[in-house]
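Here's a quick tour of some aromatic contacts and a bit of surface charge. Have the model open and follow along.

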Amino acid sequence: MLQNLYVKNLALIDEAEVEFTPGLNIMTGETGAGKSIIIGSVNLALGGKLPKEMIRENAPFGLVELTFSLENERIKQILEEMDISIEEDSLILSRKIVNGRSVSKINGESVPVSKVKEVAGLLIDIHGQHEHQSLLGKKNHLHILDAYAKNRLQKEKEKLKGVYNGYQKIKAELKEASLDTAERERELSFLEYEIKEIEEAQLISGEDEQLEQDYKRLLNGQKIMEAVSKVYEKTSEGFDSATEQISHALRELSSVSEYDEPLAGFENQLMEIDNLLNDFNREIAEYISDTVFDEEMFSEVEKRLDLVNHLKSKYGKTIEEILTSLAEKKARAEKLSDYDAYLANLKQEFSIKEKEVEKYSKELSEIRQEAAVELTGAIKKELKDLNFPQVSFSMKFQKTDFYTANGYDDAEFLISANPGEPEKSLEKIASGGELSRIMLAIKTVLADTDAVGTLIFDEIDTGISGRTAQMVSEKMNALGNSHQIICITHLPQIAAMADSHYLIEKSVANEMTISTIRPLEWKESIHELARMLGGVKITDTVLENAKEMKELAANTKKSLGEQ
């Protein structure tokens, strides 16, 4: 769950910190107090876009930090597989913005925003007006169904994905194979030319490295011989050579070594040096006599190296890649040589793969349609609890005229909110308030299968009031039993049901407008409910109503908890 939120220098917030609790966390405040800034800050930490006006004016930086406590062992395992270290079952996501640039961190380690978003998807789910509107898109309906039936669909989806990849590969090859006779002959002729060019080179793996060494050696032949000759001259020729000097030193040492034991050791060491130097002189003399630097040898190496580099420029960066290219060209040429048989085999293979994709797509669809009956029945039950007394809710399936890795299903939710009216798509009949309740019903149904621990609802109360608001509050309370819920609301019926109630306030300090957030005690919560009920003037009657609402909510929570 989201344990702590810390914000500094963002919009109207100078510095704010809030500790959230399990269950239903409600945030309220007057219009313009900064409720949207709180959700915006969370979105920012989770990798959302950074509006230019988000950073507080004249502030050196902006910072938002989210601290999560981790209880789900599966999520901890997934995070570890992502190479994210977990410290004492907690995870800190932070984002700091300086001069228009931001740095995201997970537990103090800088990471790309893409990784933050991936991690956030495991921990928190934010539902605002935009998310409610996403229900209008048909493609999202199938995602919801698949989330509900994910355990039943997982194996079938994996089977289909493997078969579909092979199907797509053959489909692409079949498309490329659609050549007329002239095109085929041109391609075959060019392939034969390339094959001949590579084969005539008679390449040997690793020879390019040896050629490079030989080329450098031959190119610098004169310089090498001059240097080696000088070395030989210094070590073995003339009175001043190293050999003569060491021999002289050895004779001097031998003449006195019998008089002192340590001198015998020195004599042996110098004798080893003399032997090593004699061996060195012999080997370097052989190198000088055996090494030949002539123009003909240099020309041959240069010519061969040019050929290898030419082939590299056309067929691969290494000789191994060139030889692999040769094998591929031979295989392609063989297919084109016996094109009719190749095309017939390809079509037959494509037909087999297509039938396999059809088979697994059908199996997937059958599981989905069975699960859809369960899902829509469960959503219908939840919608009745949310003041859709005569609702009809179902899912319509159609078959696309093409295959995908997710099958061929084109599914859509249908709803009728009034008896006697035919079911229609959500976009044709659902208002903003209805969409928010449908989304709440869906999230309630998916609660048991949804591993995401924290759900944030912004504008869940759009377009609702009265009895409907009471029903929504009870449903939010029920959802809070299995998830941490953070909800921004302007309805007292929902606020009264809070396990923890937070007030977002706007004030002026040092001629600057700032927003703050703080938890409310029981009496303070009643006063805030009274403000929401009574507006500007809060009378004793309004306060009594607020107190009664709070007490009724507590009794309702207790009775629901005992069921």
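## A pair within one helix

Start in helix H7, which covers residues 181-201: Phe-190 and Tyr-193 sit three residues apart there, so about one helical turn separates them. Keep in mind that this is a predicted model.

How exposed are these two? Phe-190 is partly exposed, at 49% relative accessible area, and Tyr-193 is partly exposed too, at 47%.

## A pair across the chain

Next, look at Tyr-215 and Phe-298. Their ring centres are 5.5 Å apart and the planes meet at 20°, so this pair counts as stacked. It ties together distant parts of the chain, with Tyr-215 in helix H8 and Phe-298 in helix H12 (residues 295-315), 83 residues apart.

Buried or partly exposed? Phe-298 has a relative accessible area of 17%, which makes it buried, while Tyr-215, at 22%, is partly exposed. The line between the two falls at 20%, so that's why they get separate labels.

Across the whole structure, a search turns up eight aromatic pairs.

## A negative patch

Now for the surface, where Glu-209, Glu-212, Glu-320 and Glu-321 come together as a patch of negative charge. Helix H8 (207-219) and helix H13 (319-337) each put in at least two of the patch residues.

Glu-212 belongs to helix H8 and is partly exposed, with 32% relative accessible area.

Key:
Residues numbered from 1 in each chain as written. Predicted model: local features only at pLDDT ≥ 70, side-chain atom pairs only at ≥ 80, totals over all residues. Heavy atoms only, no water. Patch = residues over 30% accessible without salt bridge, like charges linked within 9 Å, V, L, I, M, F, W, Y side chains within 5 Å. Areas by Shrake-Rupley, 256 points an atom, 1.4 Å probe, with all protein chains shown as cover. Salt bridge = Lys/Arg side-chain N within 4 Å of Asp/Glu carboxyl O. Lys, Arg positive; Asp, Glu negative; His and termini not counted. Charge placed at Lys NZ, Arg CZ, Asp CG, Glu CD. Helix = DSSP H or I, 4+ residues; strand = E, 2+ residues; numbered from the N terminus. Buried < 20%, exposed > 50% of the residue type's maximum accessible area, 1.4 Å probe, protein only. Phe/Tyr/Trp six-rings, centres within 6.5 Å; stacked < 30°, edge-to-face > 60°.
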